[in-house]
Amino acid sequence: MSAMLDTESEEPIDLEYVENAKKPEGERGRDVLDHMNESHAPLTQWGFDHILFGDSVLDVGCGGGNALRLAMHKAPGAQFFGIDYSDVAIETATSFNGEAVMSGRLILKKANVEKLPFEDGLFDTAYSVESYFFWPNLERDLKEVSRTLRKGGTFAIITEMVAGNMNERSRKISDVMKMNVLTPDDLQKEFEDAGYHEVRYDWDMAKGWLVIQGKKA
Ligand SMILES: C[S@@+](CC[C@H](N)C(=O)[O-])C[C@H]1O[C@@H](n2cnc3c(N)ncnc32)[C@H](O)[C@@H]1O
């Protein structure tokens with residue numbers, strides 16, 4: 001089900017791959033980012049069909065940058081920003097979106113979601129694809145994203161790692177990696193506890209895809 005973790009595979013779990021999905025490093029990290037750019041595209045497109053993009057947009061945990069490329073296509077007039085705490089991810093996302101970076105339409109920064117290098121109230125929209133379960137403290141990190149949103153701005157998490165809807169292999173990977181994989185209702189509670197309002201989710205259980213979003217009060 002999960003493209004990121006190749007959870008349909010019959011092969012033994014490749015922990016180096018999963019480590020590099022959490023924080024891509026070196027040559028293996030580059031390969032994993034290229035793979036995720038391709039394999040996350042259908043989930044990402046589906047998630048984006050549920051989001052309204054404003055004029056200023058942030059991607060949290062942008063990885064190899066294909067989500068940014070797809071989002072820039074959907075919101076042609078918007079200014080884009082992306083952050084990731086992996087050097088290799090920022091390098092890959094930069095070369096993948098070279099023209100947009102050169103023109104200033106896309107600004108990429110190395111940063112941890114824990115402390116975003118942006119002023120308060122900058123973004124109309126923020127989103128994150130297949131990353132929340134790696135974050136150090138979800139409620140606190142959701143608040144940090146909210147800090148950077150304007151009042152009424154939206155944050156959306158798009159993911160296929162959803163507790164209660166994973167096969168045995170995904171569960172094993174999630175256990176070994178100590179990933180914080182939540183149910184849609186628990187994610188909704190995290191959003192609400194972090195102060196978001198009008199929190200709602202769309203869940204395609206057959207595909208295993210979830211998009212959950214809330215607004216800054
Ligand atoms: C599974 S990859 C997904 C990448 C990209 N969003 C995509 O869908 O292809 C997870 C990404 O989140 C980033 N990430 C994980 N924890 C992070 C944190 N605390 N702060 C910033 N980025 C983080 C990783 O470096 C990695 O690039």
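Biologist: How many helices and strands does the chain have?
Modeller: This is a predicted model, and its secondary structure comprises 9 helices and 7 strands.

Biologist: Why is the chain called as compact as a globular protein of that length?
Modeller: Its radius of gyration is 16 Å, close to the 17 Å that the globule rule gives for 217 residues, so the chain is as compact as a globular protein of that length. Along the principal axes, the C-alpha atoms fill a box of roughly 45 × 35 × 30 Å.

Biologist: And what percentage of the residues count as buried?
Modeller: The figure is 46% of the 217 residues. As for contacts between residues at least 6 apart in sequence, 67% of them join residues at least 24 apart.

Biologist: Does strand 4 run parallel or antiparallel to strand 5?
Modeller: Strand 4 (residues 123-129) and strand 5 are parallel, joined by 6 bridges. V129 has I158 of strand 5 as its bridge partner.

Biologist: Through which helix does the chain cross from strand 4 to strand 5?
Modeller: The path goes through helix 7, residues 138-148, and this β-α-β crossover is right-handed.

Biologist: In which sense does strand 5 pair with strand 7?
Modeller: That pairing, with strand 7 at residues 209-216, is antiparallel and extends over 6 bridges. Within it, Q213 in strand 7 stands opposite A156.

Biologist: A change of topic: helix 9. Which of its residues are buried?
Modeller: In helix 9 (residues 184-193), the buried residues are P184, L187, E190 and F191.

Biologist: Why do those buried residues line one face of the helix?
Modeller: Seen down the axis of helix 9, the buried residues fall within an arc of 115 degrees, so they line one face. As a general point, an α-helix has 3.6 residues a turn, so residues three or four places apart point the same way.

Biologist: Which exposed residues are on the face turned away from the buried side?
Modeller: That face of helix 9 carries D185 and D193, both exposed.

Biologist: What do the buried residues of helix 9 pack against?
Modeller: They pack against helix 7 and against strand 5, strand 6 (196-204) and strand 7.

Biologist: And which residue takes a positive phi just after helix 9?
Modeller: That is G195, with a phi of about 100 degrees.

How values were computed: Residues numbered from 1 in each chain as written. Predicted model: local features only at pLDDT ≥ 70, side-chain atom pairs only at ≥ 80, totals over all residues. Helix = DSSP H or I, 4+ residues; strand = E, 2+ residues; numbered from the N terminus. Rg over C-alpha atoms; globule rule 2.2 N^0.38 Å. Buried ≥ 20, exposed ≤ 12 C-beta atoms within 10 Å, placed from the backbone. Contact = placed C-beta atoms within 7 Å. Pairing = 2+ DSSP bridges. Right-handed = clockwise from strand over helix to strand, strands pointing away. Arc of directions from axis to C-beta.
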